[in-house]
Amino acid sequence: MAKPCGLMKSCHLVKPVSAARVSGRYLTHQKGLPGLPVPPLQQTCERYVRALEPILEVDELKQTRELVAEFQKAGGVGERLQRSLEKRAQNTENWLSEWWVLVAYLDYRLPVVVHSSPGLVLPPCYDNFRLNRKSQKHSHPTLPVEYLGGKPLCMNQYYEVLSSCRIPGLKRDSVVNHAKTSKHITVVHNFQFFALEVYNSDGTPLTADQLCIQLERICSASLQTNVEPVGILTTQHRDSWGKAYVNLSKDKTNRESVSAIQRSIFTLCLDGAMPQVSDEMLRSCAAVQMLHGGGSQWNSGNRWFDKTLQFIIGEDGVCGANYEHAPAEVSLWFLTTCVFLPSHVLFLFVLVCGNRRKPEMAQTPMVPLPMPQKLHFNITPEIKKDIEEAKHAMNILAQDLDMMVTVFGHFGKNVPKAHKMSPDAFIQMALQLAYYRMYQRCCATYESASLRMFRLGRTDTIRSASSASAAFVRAFDDPSKPNTEKVDLMEKAVNAHRSYTNMAITGQAIDRHLLGLKMVAVEEKLSIPDIYTDTAYAKALHYKLSTSQVPSKTDCVMCFGPVSSDGYGVCYNPMNDHINFAVSSFNTCKETNAAHLAQAVEGALLDMRTLLEQTPKAKL
């Protein structure tokens, strides 16, 4: 038997795809991509100060300008760090990617649940999937290359979504990928785990009918509900889970079971009931299930949150996914979930969970199938104590999270497009206006930008709060300002956001560059420059609005928790005639309220449309 994954010496970083796993076409494509550029130091310093203008007081900004001037002066520490970073860029495939995985994920010690891993709510399955009997392999080595603005994008992360798993450490986590050997998926039902082989002995994938039989076998073999929910250990603070993982792994049976989960292609969670809620709260309740499972009394223990990809199907047809995104960014997981997963698999899951009609079995002669392997765990008193502590902490977190999923049904991408505005920038300005109306101030705002234009590119930050957006939101409700001026300010704010977006995706934003300069100082054991200990830098990274546009032709919505205790998480999917929003906050913060922000965003969007329609300048 192979050495259990939990005891393997695994790298702390997500490695690029090995040559053995991909085609020559892929390798040629990857080698042709440019490396991530290092922006000019002076450019980043100037843009950093400009980004601070809407969120700092005048006296704070004055002090920061002085520190930045000292940092970037000729012969200063900034120039030294810049030279070292440029040298690193010449000697690595991507100067950022290793550092980013460490800083953003593997060294991050809060629970991945809510704080890091997003959830995805898909439309209810029921009868909207048609059974497709064509078999598909899970890891095709020649995915079509994607393009943005005519330029090819890095495809490496697609090969890291399946067969990957995060492994807890005492101080730092790691990630392993088993794509070369994975032949099974993990299925969890009533807190009990099973390894389900999805290939026949001749190497062909199981048919839809075979999968259905195997899933029914699993459900029949896991009817008891009073088992210890070992999966809830993965909801813990990473240091706590690292210690519990050591305890769990002392037993050989436990090691083998954990290894089977880690080596699987993905996890399928067959959930029990959800809390009974009103129809208007159903999508919000579904989002909670996808994000954290609802607490120990519901489905939080019916997960393995370290697994990169978890598909979740409720007994009532509610379906979606959860994603641990150390190996690859959210946009690729989203595409994998919504595009590349065969629809017949989702259909079968619903058949099993919802007690729906079985597909006709007579069409395909059935070969005897091996029984899915139940993964056993031996629960010692010490592990039992760890589980109880995990339950307690998870329940506190579940009660703290306030989630509101809404459908803005008045219009979608069609309105901003009619006025020749970027839909994303238009929605971001509505978020800025909504926040300003609630709090009478602007805040640091994060929106994710993809760096896949570059080899092994991950993300950078689009800073949606700008001087232009601040001028727009301050003027919008000012009765002394004419509408033509307000429209002009709106257009400038939208264009400024679009400009920053283009800057970010072409590797010219400020946040990852500043991080890189700081990491050079750490690696070279230099004193951390004053601009990083300045309170302004902490304010710049304190995102009270953490946002993401995840567009899809599927009528779905992604959701995630706030990144600050007094902030909001906002994800949106702009469809042509409506917009799906998921807004989150923490109940322990008395200043924030997800429903209030969702209402404010609706009001801002409607008022912005009214302004455009009533102002002659805006008419086409």
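**Reading helix H16 and the cysteines**

Tutor: Helix H15 (423-439), helix H17 (483-505) and helix H21 (594-614) are what the buried residues of H16 pack against. This is a predicted model, in which local features need pLDDT of at least 70, side-chain atom pairs count only at pLDDT 80 or more, and totals for chains, interfaces and linings use all residues. Residues are numbered from 1 along each chain as its sequence is written, and side-chain values use heavy atoms, with hydrogens and water left out.

Student: Which residues of helix H16 are buried?

Tutor: Buried means under 20% relative accessible area, exposed over 50%, partly exposed in between (1.4 Å probe, protein chains only). Helices are DSSP runs (H or I, at least four residues), numbered from the N terminus. An α-helix has 3.6 residues a turn, so residues three or four places apart point the same way. In H16, residues 467-476, the buried ones are Ser469, Ala470, Phe472, Val473, Ala475 and Phe476.

Student: How many disulfides does the structure hold?

Tutor: A disulfide is a covalent bond between the sulfur atoms of two cysteines; the cut-off is a sulfur pair within 2.5 Å. The structure holds zero.

Student: Where is Cys285, and what is it in contact with beyond four places in sequence?

Tutor: Cys285 lies in helix H10, residues 282-291. Contact means heavy atoms within 4.5 Å. Leaving aside neighbours within four places in sequence, Cys285 is in contact with Met274, Pro275 and Val277. Val405 is 120 residues from Cys285 in sequence and 8.5 Å from it in space, C-alpha to C-alpha.

Technical notes
Helices (H or I, at least four residues) and strands (E, at least two) are DSSP runs, numbered from the N terminus.
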